[in-house]
Amino acid sequence: MATEIGGIGVSVKRKEDARFIRGRGNYVDDVKLPGMLYMDIARSPYAHARIKSIDTSKALAIPGVLAVITGKDLVPLKLEWMPTLMSDKQMVLPTDTVLYQAQEVAAVVATERYIAADGVAAIEVDYEPLPVVVDPIKALLPGATIVREDRAQKNNLIWHWEVGDKAGTDKAFADAEVVVKQDIYIPRIHVASIETCGMVASFDKINGKLTVWMTTQAPHAIRTVIALVAGHLGLSEERIRVISPDIGGGFGGKVPVYPGYVLAIGASVLTGHPVKWIEDRSENIQADSFARDYHITAELAAKKDGTMQALRVKTIADHGAFDAAANPSKFPAGLFHVVTGSYPFEKSFVEVDGAYTNKPPGGIAYRCSFRVTEAAFTIERLVDVLALELKKDPAELRMQNFIPPEAFPYKSVLGWEYDSGNYGRALKLAMDKIGYAELRKEQAAKRAKGELMGIGISSFTEIVGAGPSKHFDILGIKMFDSAEIRVHPTGKAMVRLGVKSQGQGHETTFAQIVAEELGLPVGDIAVEEGDTDTAPYGLGTYASRSTPVAGAATALAARKIREKAKLIAAHLLEANPDDIEWKDYKFQVKGVPTKSKTMQEIAFAAYTNHPQGMEPGLEAVDYYDPPNLTYPFGSYICVVDIDKGTGEVKIRRFVAVDDCGTIINPMIVEGQIHGGLTMGLAPALYEQINYDDDGNIQGGNFMDYLLPTAMETPNWELGKTVTPSPHHPIGAKGVGESATVGAPAAIANAVVDALAHLGVRHIDIPITPWKVQKILKDNGVAE
Amino acid sequence: MAVQTAPAKTSGTTRMKIHVTVNGEAHDLEVEARILLVHLLRENLGMTGTHIGCDTTNCGACTVLLNGRPVKSCTVFAVQADQMSVATVEGLEKEGKLDPIQEGFHEEHGLQCGFCTPGMMITAAALLTANPDPSELQIRQAISGNLCRCTGYVNIVKSIQYAARKTRETRKEA
Amino acid sequence: MIPASFEYAVARDIADAIQLLASSGGEGKVLAGGQSLIPLMKFRLAQPALLIDINRVAGLGEIRENGELQIGALVRENDLEANPIVRQRYPILVDTAAVVADPLVRNLATIGGNLAHADPANDHPATMLAVRASVVVQGPKGERVIPIDELFVDTFTTSLAPDEILTQIRIPKPAPKSGGAYLKFERKVGDFAIAGVAVMLTLDANGKVARAGIGLTNVGPTAIRAGRAEDVLTGQTPDDKTIAEAASRAAAAAEPVSDLRGPAEYKKDVVRVLTQRAIVKAVARAKGGA
Amino acid sequence: MRFEGTLDIAAPRDRVWSFLTDPKQVTTCAPDVQSLDVTDPRHFKVVVRAGVGPIKGTFSMNVEFTDLQEPDHASVVARGQAPGSAVEMRSEMDLTAIDGTRTTMKWSSDVTVSGMIQQVGARLMQGAADKITQQVFSCMKEKLEAPVTA
């Protein structure tokens, strides 16, 4: 029955595919308006420099160039700075100093895309280079170059944040039988969605109405930000319409507000024409928000028998020149304090220092809930370091320590309440699927022959679905989400949501939730998102929050409709509502299946024959403030072989067992996991953005920033367990990011495992062939 | 004192007449020499199914068939396509019937955000024309010039295998 | 990314192309496959005033065996890889063409462009050194043949005069009992090589190496001939010890710099490892193996 | 990137000095000069084109003689931009008269390239910068040793 209507648990084929497979998607760069102009941006070649002068005359002399906007032009408009999501401020355009390479310096508006680019090439800026600081550890030392001269505070510390029992943790370490300590650097990476960022801004002077099409994961929040940033210019929130059309991948990179957006809006207001701004790939990687860049020192205290007792973590977080991370206001280091992971530590203390450097701002997710990959990688690596120290099998050590299933809901020592879990079951399944015992035997045999093979495990716990609002807000706006459902007289339904799909398949899965709750076929339910003029307010799609929050709102809105529908059914069946039951996706008189009404019949009646005293129509809205986060989890096992000549790591197998609670659409969930795993593989072995001492970016385009292709990506093998969330209306937890969170540690652990007999405890990611080969050479085992 | 000034480069110098057939339809156009084929398709012809992802010939989002071969249309000038035929994602569906490759991507969940999909399908279609029964390795090799950030490629491979199967079956029937 | 403006001319034939090139005052650039040039133009790092499109010049796209293998400069990498003569008798060329950039790029990229661009990261230069190819160039004064060892002057710089065009590659027909292999180590498909090694060997009746050619990719300002390594092999039985010695010599010939693709010392070591493996493969092929 | 060298020049020191410190003369050794604009004896602006093979940038350079100690020491800072890129070259030249007709010039040059050229051309940078720098100084030697044609 669920299969027929396409309800929960059914692999319904995606509704959104119809346009995408025909090339009929509508992405921002596909939007074309009459009279539209194009904007392009000139950027700084220096990481830190004073702007002595900007000569725009040659650019303005080019036929077709209509305007050049510099920082000085923004001052009278009070638009040269804008607030970040983290209570910092960020330059829209600099008036005197640039703080990182590729920072926006001027915007050229022209009649054609090509002419705008010519204009950018013709702008001449006279810079005076200033000392550069790129290393956050050095940036925090006394006497370091000050990145932010505009601040009263004359150092590079943005904030210090800590959580946990410091004294108790220190004591636990002092008393511990075994302590392991590991420095871990999680490098700067970039989400690099295949679609870059962009906007078409169209300001209607007569009505004072601004319409923007933009690549945003959070259209409503953006609307409010625009109203806050440009309210003084007369842009008023009821006359701002943000449309997030089809989005070519987000992964957190399309949450922040970038200067280009503000400039495109400004250019449209200035010229009275629609203005299109689309980044190229270099701009996207070089200037848009980065992810990670955490310098971590982690320590674990345990008993000799392997019982984990205490965890102490100190981190320096590089935020670049502005703190433009996308974290909930209360948590500047995101949810990093889920770092105790799947283990019942008695004591823990975590501290994070945010540092300014002459690098682009950011600190966004890269397909994970706020800083959760950093946390999962740290603990899962550290557990393996402990296993090596104790000469214990890493699977056994995990099994010994897992938070037991009966302990849920479990309150972690750093304050999180894990909703549900069964970690041992997931690891056991992964071990069975991959043949763990056999692999260990094979490894021993190979090692005896001098061949290098490694097996790595990661048993991670995710934390997704922010709110609840008591803890989570962005710029004060609570992190709820919303759904509005209208059931039309003919029994078809329209669902509108405050979240925004970037490929996750919302048009299908949210329709499935409604199908399940209302008994309407999934094909009769249209889902619409991304237009702030029509959708209810929501905080958007990131941090795997759509299913946990908007999914719940959808289910609850549907249930409101069902409540009303029940009254209408009773009216139609001439029965007491108490005698009506919802069964087999219909209302029937209890025990009398022949006396029933379908939702379609009820919908028609809601507009044609509703009970006296009842409002006509069949609609509902729900704003859902989750009582708690959800905690998806999983166990991954990776097998690698190492080429002793080149140091190349080859992933032979990778088994991923995920538990994301109730599964709405297994096909889509598997697809999400495949993609997440690949974005876990990428930073583990390939991706990194580095900077030289002058602040020059290294890896600023796809020639040098290495996204894995089909040839490097293994054939992921999936398994699942289902442990529903007790507090979510349908028990679902969210899954888009689990695999990105869990995979890097499994891969790193596998490589370390292959080399462990040489005394290796840790290798920083990305694990390049030369890092591996150096170890082989140093130990005399290279080919 | 100015000794000599190099003339500033301005846009819009050479314009050329070209004749291009796109998805079977002939077009006579006058374009600037530097217009990239992908911009010709997207801007001049309004065919926005072909996307731009990287600018450096790495990602393949802009893949089209040029005289039957898959190429990256952001690395070809439109003038180079004079007198040639171009096939894009918009031409895959014929007379209301989806190409097996389109069907495969839908059936096997070979796409998520859809941005790399047109290029990926064009590459796959060319592969199946040349090799109706590719192995998994051959499929992976063939699409190794097309980057996808969402799917992890597993289902793309399955989609192409689906299309290969379907094409072979259809041929057998015919 | 948008290229700067340029004039564009389609060359009718080689003479026309040469004339256009000569008249451009050093500001003209030949457009073949364009897969390296066009990205540089989009970055505006290359801004030629005139692009001379030679893609419509007849006769540059042929492969024929005529005492030697003659490959037209406009032969696309995928066509080279698929050519039956090449597949049958020049497996080293198949190895090479198959790893140039990615499969889509290979539909446009040409062997002539790969050589004339003189990027040390390109794959054909090393292979051409190994097989001791020569290239035919044409200019206002007619045609001349440049031995491969005299072609690569520096990064992006060949010994072609500004008004000369590379039109053909000539590869000596391998003697009996010859075999070659090209191995490239890259982090992912489409990346520049960390290093690449081409080895071409001819064995004598006793199984000794009669003739050896070894070329190295992306470990110096140009592709590099590992002459000392060739000397070590020549006249010797390619046993483990000799191969190891030759590989060490090849590594010594490399002059890499440390960059995003690894530290210099590592790259040298990759040259050593790849040389070893390529020699083994070349010997196997010379003996009639795959 | 630091480059340095020593040149024996068959020319008297005062002639070498006047060549080095005269914008008009010294820029004849800059690569492919497009324009020269002398602001004052210590400052000038020169537009040059430099590169390797097809990679060529037009650099608009502001040059300043930051330290002139006639007749034996000169420091020059040249700073300029090409679209999306910047280059800075800090050079020091020390002259020693060997005799009335010959001069030894010790030179060093610190070159910093930033922006697009550095990013895309990082793998070519060292070689290219080395070559261009060498060319500049060997050109000076050549010009200084050429017969004076006043």
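I began with β21(A), which nine bridges join to strand β31 (residues 633-642) of chain A, the two running antiparallel. Strands are DSSP runs of E with at least two residues, helices are runs of H or I with at least four, and both are numbered from the N terminus. Two strands pair if DSSP finds at least two bridges between them. I also found A:G456 opposite A:C638 in β31(A).

This is a predicted model, where local features need pLDDT of at least 70, side-chain atom pairs count only at pLDDT 80 or more, and totals for chains, interfaces and linings use all residues. Residues are numbered from 1 along each chain as its sequence is written, chains are lettered from A and ligands numbered from 1 in the order in which they are written, and side-chain values use heavy atoms, leaving out hydrogens and water.

Next I traced the whole sheet: it is open, with four strands in the order β21-β31-β32-β35 (chain A) and mixed pairing. β21 (453-461) and β35 (717-720) of chain A are at the edges with a single partner strand each, so one side of each has no neighbour in the sheet.

Then I looked between chains. The axes of helix α20 (residues 769-778) of chain A and helix α10 (residues 264-286) of chain C come within 11 Å and cross at roughly 80°. Axes are lines fitted to C-alpha atoms, for helices over the stretch in contact, and angles run from 0 to 180 degrees between N-to-C directions. Contact means heavy atoms within 4.5 Å. I saw A:P769, A:W770, A:Q773 and A:K777 of α20(A) meet C:Y266, C:D269 and C:R272 of α10(C).
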